Structure formats: C-alpha cells, structure tokens
Amino acid sequence: MGKDIRGWAPEDETFWKQGGRAVANRNLWISIPSLLCGFAVWLYWGIITVQMLNLGFPFEKHELFTLSAVAGLTGATLRIPSTFFIRLAGGRNTIFLTTVLLVIPAVGTGLALRDPATPLWQFQVLALLSGIGGGNFASSMSNISFFFPKRVQGYALGMNAGLGNFGVTTMQILVPLVMTAGVFGGAPMVLENTSGTLIGKIPAGSETWIQNAGFVWLVILIPLGFATWFGMNNIRDEHVSPNIGNPLRSFAIILVMLVIGLFTAACGLWLMLPEKVGGSGFDLSKWLVLPLVIAGTVGLLRLLPGEVGRNLHHQYRIFDNKHTWAMTVIYTMTFGSFIGYAATFALATKVVFGYSHVMVDGAMTHDTVNPNGPSALTFAWMGPFIGALIRPVGGAISDRMGGAKVTQIISVVMVASALGVAWVLKLAYASASPEQYFVPFLLLFLVLFAATGIGNGSTFRTIAVVFDREQAGPVLGWTSAVAAYGAFVIPKVFGEQIRATTPEYALYGFALFYAVCILVNWWFYLRPNAYVRNP
C-alpha cells in the first residue's frame, strides 16, 4: 500500500487478514518508539532536577519543582490541538513532524545544562518546549485507533500507550547512566551530594556529565524521523483524514496549532507563578487558571479560518456527548495519576528521604542532608516501569471482563494505596531518619502505579466501545489531554505541600478525587440501567 491509504476497512475480516493487519502493525511498531521518545523528553525534568540538586545548581527546591510543572502543563495543553491533528494533517505527517520537533528541546536542554549559571527562565523555556513530547500522546493514540478493529482496540491502544509510556522508565534508567560518561563531550561537573543509577549509589566528588540528559535523545530521534516518514501511512477515508493536502500544508497547520497551545500554556503559567520565578506575581489559583487555559486553547483553535476551522467545528461535536465528560474524569484518575506521579516520584523521594527532618530551636527543619537516604535515581524508574508494563494487560483483561468493571476494582485499590502513602509520608517528613519508612513508601507507590497502569488500559477499552469510529479518536485525544494535566497538578501540589511541610495532604486530596471517580464510573457504566452496561 502507498503512503496514503483509501478504503481502510479493519472490521472486514477478509481485508484484515489479507494485508490490513500487517499495515496496522507496521504503523503501531513505528508509533511506539516515537511516543516513547515523546514521554522521555517531556518528563526528563523529574530526573534532571534531582541531579541539579546533587550538583549544587543555585535554585531552591520549590523552584526546581516548577520545571516539571511547566513541562506538565504545556504537554497537557498541547494535547488539545494534537487531538485534532490526524483529521487535519494525516497520521504519517503528524507523527513525523512532532517526533522531529523533539530535537529542539533535547539539544537546548543539553546546551543549557553545561553551565550551572544558566538562569532559571531558560530552563523554564526549555521545559515549555519539551511539552511537545507530552502533546504527542493525543495524536498518536488517535492515529492508532483508526488502524485496528474494535475487537482488539484494548490490546492495540494498550500496546501503543503502555510501551510508549516506557519512555518514562527508559528515561529514568538511561539518563542517570549516560550522565556518568563524557560520551557527548563537554566538561564534567563534580557531585556535591550522593547520586545514583540503576546499579547503585555514586559518591559525592564523582564527575558527572548532566548535559547528556538532553543530548542522548538525538541518537534515537534522528533515525526515528526517517522511520516515520518512510514507514507510516495516512488513512485518507472520510472518517479519518479526507482533505489533508500536501505534507507542507499539513506541517503548517500543525505548527500554527502548536503555537496556539504554547501561547495559552505560557499565559497560564505567567498568571500562576510567583514573580521570583518569572511569573506575574498575581499567584492565581491553578484551579482557576487551568479551566481558562483549556477554554482559551479550544476557543482560539476554533477561530482558525477556512477548512481547518470547519473541520474543528465538526470534531467539536464530541463535547455534546455526555460520555466524553464522564470518561474525561475517569481517565484523569488513571493516566493523570500515572503521569503526575512519574513526574514527581524522583524529586519527592529526594526531598523527603534524602534529608533529615530535625527540630532546631523548637522548629522542624528539612535541610540537613541524610547520609543514609536512598538514591532517588536508583529507584525512580520502578513505578513507571510497572505502570507501563501492565497497561496492555489491563487492556487485554478489559477486552474479556469489560472496561468499567476493571476500572472500578483498580479505583478502590488507588484510594487505599494513596491513603497508605499519605500515612508513610507524614511519618517520614517528621523523622530524623526517614529512610526507615522508605520501603513501605516504595511498595505502596508501586501498587499505586500498577493500579494506574491497569486503569489506563481499561478506560481506553471503555472509550473504544462507547463511541463510534469517527468520535473515538478525538475522544481518546481529548481525554488524554485533560488527564495529562496531572503532570502539572501533581508536581505543583507536591511542591506546595512540601513548602507547607505537609506532603501527606497531597495524597489525601488525590484519594478523595479517586473516590469521586468511583461514583462516576458506577453511575454511567455499572449501576442497574446504566447508560452503557460495563463497556
């Protein structure tokens, strides 16, 4: 088949067996590493900021939390325009350009990290641009949904999302390792605090090449650019990408829509952040600004002229469907938690267990380095690894049991796990030897990650069944966009509660939200006379 395909009919068993499956699988297996790199570049700030602390970069802990938050908010916001890229620009064109664009933040991050005197605002700009990788998830999932028949949607979407999510784990393993050698040149820096890798601690005084955290992704991104261009396809049928025109026109549409998302995200960040870290100083609540960012992005996109605006108006019909809103809430519980905890876990581990919490003159202090603390970089990969690994399993189980039933079970597990983590955090953050609480903290968090991974698969199964083929793709993109704000909200909430010395409050709030999701899932999909019974 050519690069542009017409007459794609995966529900036709004969078509599927006589070449359709092979084409779909080829697109899937190119899509997965592209999405993996998107996740890696989007979320590498969670690891980079830990090493910046270890190297003595001149930033406060709460300032470093803002880098993960900036990337998180931008990545989530860019998923809104990315939701509609496939219809407007085609799958092959979209995946190619959005993969190649990741080179910009990767190179910029490597250059900025060479100098500890690089100002915070430059790192914030690079974190803003790395959000492009977060936005890629919406277009990637929407694209793959069109290639596979409904009977294997749970598996196909679970594989794309689950193995794509391995970008978090890959990054959390690869970045600490590659920082130990000068493979990309440049002068090394000397660790002021103990660091670590997958295989153990690295003592203070060792040399490290933190700039490699950015440069290493070029080794993967450049070959991937060729693979996406020469190996993927645009489906040109009416319900997918009927009027995309030539590739240059498609690229222009994508770039304009990405600029709109970057603009609204930057405005939201400016309204929220303190003046000290480049914000307006208005210190507006995130719960006010996030809806404004979402509404502003959707509204500005709708103002685009011509065929683009008409196509967006057509796709905006998903907002008239009540299931769009129900699944947005439920998917925020699963994927929002996964991505938010992945962005936060390493730095939270460093801040809570890497320092002793002792009373000095009647006041609790949290600045004494704990020599017995665990290396955050040694353990950070475990949770995202389990969550990503189990995601296809969640999809496959849901194909048999029903998505809503599986979602309900894992929601209860998430409530219990979050409350358990909160209890351990409270004990650890008031202890001179917090390392004694690290094992229960780690185990409970691993359970929480596993539950989010299974839930990611089960919710995608529900979406694939509830919505028709035309709406399923945009709904997958939209729900993933809103859920991705977890990568902003969770680091932001953790940073706020760390400053308030009450990190356990963050988990109490998350547990309450999970309980609300249990009720939503039951009402829509599990109660007697539900709108759609256990889809």
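Modeller: One definition first: Ala, Val, Leu, Ile, Met, Phe, Trp, Tyr, Cys and Pro count as nonpolar, Asp, Glu, Lys and Arg as charged, and the others, Gly among them, as polar. This is a predicted model, where local features need pLDDT of at least 70, side-chain atom pairs count only at pLDDT 80 or more, and totals for chains, interfaces and linings use all residues. Residues are numbered from 1 along each chain as its sequence is written, and side-chain values use heavy atoms, without hydrogens and water.

Biologist: How do the residues lining the second largest pocket divide?

Modeller: Into seven nonpolar, six polar and four charged. A pocket here is an open set of points on a 1 Å grid over the protein atoms alone, where a 1.4 Å probe fits, with protein on both sides within 12 Å along at least five of seven lines; lining residues have an atom within 4 Å of a point.

Biologist: What volume does the second largest pocket have?

Modeller: About 340 Å³. Of its 17 lining residues, Glu60, Lys61, His62, His366 and Asp367 are the closest to the centre. Helix H20 gives the largest share of the lining, three residues.

Biologist: And what is the volume of the largest pocket?

Modeller: About 560 Å³. It has 25 lining residues, and Trp287, Leu290, Thr332, Val489 and Phe513 are the closest to its centre. The lining splits into 16 nonpolar, seven polar and two charged.

Biologist: Switching topic. How many salt bridges does a search of the whole structure find?

Modeller: Seven. The criterion is a side-chain nitrogen of Lys or Arg within 4 Å of a carboxyl oxygen of Asp or Glu.

Biologist: Which residue does Arg236 pair with?

Modeller: Asp4, with the closest N and O atoms 3.1 Å apart. Arg236 is buried at 13% relative accessibility, while Asp4 is partly exposed at 37%. Buried means under 20% relative accessible area, exposed over 50%, partly exposed in between (1.4 Å probe, protein chains only).

Biologist: What about Arg87, which partner does that one have?

Modeller: Glu238, at 3.5 Å between the closest N and O atoms. Arg87 is buried, at 10%. Glu238 is exposed, at 56%.

Biologist: Last one: how buried is helix H2?

Modeller: Eleven of its eleven residues are buried. Helices are DSSP runs (H or I, at least four residues), numbered from the N terminus. Just after H2, Gly56 takes a positive phi of about 75 degrees.

Terms used. Helix = DSSP H or I, 4+ residues; strand = E, 2+ residues; numbered from the N terminus. Points joined across faces, edges and corners; volume = space filled by probe spheres on them.
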